[in-house]
Amino acid sequence: SVYGDLFDMEQLARDLTFYRAASDGDFAANPLLLHKDFVNYRLGEQLPELDRLLRLSLTIPLTSVSCERSFSVLRLVKSRLRTKMGNKRLSNLALISVNRDIASRLDLSKLVDRFVSIKSRQAEFIYR
């Protein structure tokens with residue numbers, strides 16, 4: 001199997017058997033709910049292979065949509081601005097664009113005030 005070398009398969013089978021028996025038939029099929037049980041009852045130490053499997057399953061995306069969307073946004077941003085910006089700025093703009101639903105809820109006046117307080121960007125004018 002693809003992930004067989006990451007797990008002790010015999011220990012994983014024992015962990016699953018024990019968890020099913022201990023849960024009295026109330027076995028959580030949802031990996032997120034199962035992981036919450038693991039955190040709440042500190043089962044990770046007693047069932048290490050099942051804990052590792054749960055954490056892995058919660059980190060692997062179910063689809064490649066977010067990745068594809070990121071590349072699509074990156075292509076749009078890069079084609080518009082070409083090479084006028086550095087990689088860091090391009091990456092930050094792409095991140096904002098991909099997460100536009102979160103970015104649209106930000107209070108821009110607070111962000112500007114915070115930026116000004118962090119970066120002293122006041123021009124000094126000399127009048128004669």
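This is a predicted model: local features need pLDDT of at least 70, side-chain atom pairs count only at pLDDT 80 or more; totals for chains, interfaces and linings use all residues.
Residues are numbered from 1 along each chain as its sequence is written, and side-chain values use heavy atoms, with hydrogens and water left out.

Let's start with helix H3, residues 48-59 (helices are DSSP runs of H or I with at least four residues, numbered from the N terminus). Its twelve residues should span 16 Å at 1.5 Å a residue, and the end C-alpha atoms are 17 Å apart, which agrees (the expected span is 1.5 Å times one less than the number of residues).

Now look at helix H1, residues 9-22: its axis and that of H3 come within 7 Å and cross at roughly 95° (axes are lines fitted to C-alpha atoms over the stretch in contact, with angles from 0 to 180 degrees between N-to-C directions). That makes H1 roughly perpendicular to H3, a label for angles of 65 to 115 degrees. On the H1 side, the contact (heavy atoms within 4.5 Å) is made by Gln11, Leu12, Asp15, Leu16 and Tyr19, while H3 brings Pro48, Glu49, Leu50 and Leu53.

Which residues of H3 are buried? They're Glu49, Leu50, Asp51 and Leu54, where buried means under 20% relative accessible area with a 1.4 Å probe, protein chains only. These residues pack against H1 and H2.

Terms used
Helices (H or I, at least four residues) and strands (E, at least two) are DSSP runs, numbered from the N terminus. Angles under 35 degrees count as roughly parallel, over 145 as roughly antiparallel, 65 to 115 as roughly perpendicular and the rest as oblique. Buried means under 20% relative accessible area, exposed over 50%, partly exposed in between (1.4 Å probe, protein chains only).
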